[in-house]
Amino acid sequence: MNYKGLLIIMLVFFQLYSCKDAVAQPKAYGPTPSEKQLKWHEMEFYAFVHFSLNTFTNKEWGYGDESPELFNPTELDAKQWARVAKEAGMKGIIITAKHHDGFCLWPSEYTERSVKNSPWKDGKGDVVKELAEACKEYGLKLGIYLSPWDRNHPGYGKEEYITYFRNQLKELLTNYGDVFEMWFDGANGGDGYYGGANETRKINTLEYYDWDETYKMIYDISPNTLVWGIGPSEARWIGNERGRAGKTNWCLLRQKDELAGKVHYSEFMNGHEDGEKWVPGEADVSIRSGWFYHESEDDKVRPLEEMVDIYYESIGRNANLLLNLPVDKRGLVNENDIARLKELTAVIKADFKEELLANSKVSADNIRGNSETYSTDNLVDDNKETYWATDDSISTASVLFEFEKPTKLNRLELQEYIKLGQRVKAFNVEVKVNGKWQTIASETTIGYKRILRLPRVTAEALRVNFTESKSSLVISAIKAYNAPTLVTMPKVTRDKSGEITIEAEGDNIIYYTLDGTEPTVDSQLYSKSIKAPQAVTLKVMSYNEEEGVSSKVKTVNYGKVKGKWKVISSSAKDFKSADRTIDGDSNTFWTFGENNPDNPQEIVIDMKETIRIKGFSYFPKQLGHDLNLISQYEFYTSTDNKLWVKQSEGEFSNIKNNPVEQVKTFNSVKARYIKFVAKSGIDDKHIFSIAELDVQETLEN
Ligand code: FUL
């Protein structure tokens, strides 16, 4: 080799050693995600579609005896679902291929209880196939909900059902292309039709399904499918159906303890700092209160600000967001849900419009081996593969961002490089305003992604101090934004006498109407409470004068006040406090019942005048450890308190996981007295709480 050649080789070696490879990569700390889980984290936001027989029977849980002939969507269009999801920035759709009543949305060869025995497409349709194709067309991933609990199958609870369940899994994982997620719900065992047995079948969820075997089978057929929910899963429920993760949220879980039945689901919101496995949280929530479509909820789509909160408290707290769009009887995502989703997408887009830290001067008090490879530039380069890291011995450090000129900001987004584990236990954020440093946030975990909503500040500089970490720091991104102000709708309450009080946030003012028209800044300005004991429709909005921005309009429909209503008898000897169930305040509640499962418990109310009603509602207690939820009920009416007619009976399905207001409707009747019977409670308890009881009045004759 000549002299020149040698020089080139030396130069190449020098280059290699002087930058990249001289400083070793940090070692992984604790449990780390698999490749499959990493891809799953990056999906962040995807849709749930609850659509089945329940859509047509107006139920949340079918009992298992409903006829497949009731399934008859008139305009089913899975492409519309995919389009809606895509436009909202979602990355996939999970469909209820089979819910608890056992009806299958695909023509399974193992049962007659499926689309093949429905009038839809003369029994030749396959919803799962149509969705798989639509997802493909729109570049979305397909996920499948297969309820382990089957209230129809005669063999449920016995060995034969497990074979059936696995056969169906095989069908779904073989015939519809890639399935990114398999969703196994936690509701398992209870009463049901079971082929006509009409009985209660209890199973041990941890043992009955032999999850190890079932999972092995899934991975043999489809190794890229991530399994969610019960069993040794790769992602966990977030512990509530409100779509909210804990502020502290570890991707880790003590799954061995969980599988031994030693973990309460309320721990899922936070995960376990000392968990032995990477089992990140997925936050599920419906855009309305129910999971399935009910016409009565058309005007109960969650308000925009609640949806925005959900976004920040799921994706912004290190969890994926699984947002349910209940497809309606036509087989379409409903217009009202689409409108809300569009509003949400617009807010999120506006909130993250312009990143502000990329142009600042970035420095840190420690950089791993002083190496370029781990420099702070990696925090703002928008490259998920690069990261800022500290020396092995350093687990507390600060990053400083200095702006060229004072900059307004109110959002901060942070990401750990989770391939090497989740490490940060605590951090805080300081800003320099008019030359003075002030702390504006003190937080705990980060994980895949953490987004903070901060008060808007005009900062000369921003500093993130990592104050506690399990090991050295490995941070892949820090970003800041200045989100537009979102004016929230006012809070409205009405007391027993019909006095309406309206409150807005901060200095916002309030405009309202009582004639059904949309309020504007020219409408009535709210200054003192409004007297409205009659049925009334209130439309109201908050207005931020400084920025000239108004909130969305809130519509509240009140019936006549229950001021004169009286609880006149009850199975409970002492019912002095029972009027709390009709005081118009859902924060107060009444608890009654004895621990005797043979005695249904009842409450009788005199409405003091005969009116025509077409339904009733039961609002469960919301706060506290014991909600004493009612699961089976009967509802009677009378005009004379002697002759009673049963108007409705059944179950409040899924009330345990989703204790929202329960509305039951029937053919309209005249009534002066109503009797509500609590037949059984959740978890076999026989103590019941009621926050509020109400009737649905109708003016028809
Ligand atoms: C629950 C189920 O029981 C509901 O019906 C719904 O499917 C929800 C997503 O999970 O636990």
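The points below treat salt bridges and a charged surface patch.

1. Basis of the note. The model is predicted, with local features requiring pLDDT of at least 70 and side-chain atom pairs counting only at pLDDT 80 or more, while totals for chains, interfaces and linings use all residues. Residues are numbered from 1 along each chain as its sequence is written, and side-chain values use heavy atoms, hydrogens and water being left out.

2. Salt bridges overall. The structure holds 54 salt bridges, the term denoting a side-chain nitrogen of Lys or Arg within 4 Å of a carboxyl oxygen of Asp or Glu.

3. Lys384 and Glu42. A salt bridge joins these side chains at 3.8 Å, N to O. Because Lys384 sits in the loop between strand S13 (361–364) and strand S14 (388–389), and Glu42 in helix H2 (residues 35–43), the pair ties together parts 342 residues apart in sequence. Helices (H or I, at least four residues) and strands (E, at least two) are DSSP runs numbered from the N terminus. Glu42 is partly exposed, its relative accessible area being 35%; buried denotes under 20% relative accessible area, exposed over 50%, and partly exposed in between (1.4 Å probe, protein chains only).

4. Glu137 and Lys79. The salt bridge between these side chains spans 3.3 Å, N to O. It links distant parts of the chain, with Glu137 in helix H5 (residues 127–138) and Lys79 in helix H4 (residues 78–87), 58 residues apart. Glu137 counts as partly exposed at 49% relative accessibility, and Lys79 counts as partly exposed at 38%.

5. Glu692 and Lys562. Is this pair buried or exposed? Glu692 is buried, with a relative accessible area of 9%, and Lys562 is buried, also at 9%. The closest N and O atoms of their salt bridge are 2.7 Å apart. Glu692 belongs to strand S35 (residues 692–697) and Lys562 to the loop between strand S27 (554–558) and strand S28 (566–570), so the pair ties together parts that are 130 residues apart in sequence.

6. Negative surface patch. Glu159, Asp210, Asp212 and Glu213 gather in a patch of negative charge on the surface. Such patches comprise residues with over 30% relative accessible area and no salt bridge, like charges being joined within 9 Å. Glu159 lies in helix H6 (residues 159–175) and counts as exposed at 58% relative accessibility.

Terms used
Patch = residues over 30% accessible without salt bridge, like charges linked within 9 Å, V, L, I, M, F, W, Y side chains within 5 Å. Areas by Shrake-Rupley, 256 points an atom, 1.4 Å probe, with all protein chains shown as cover. Lys, Arg positive; Asp, Glu negative; His and termini not counted. Charge placed at Lys NZ, Arg CZ, Asp CG, Glu CD.
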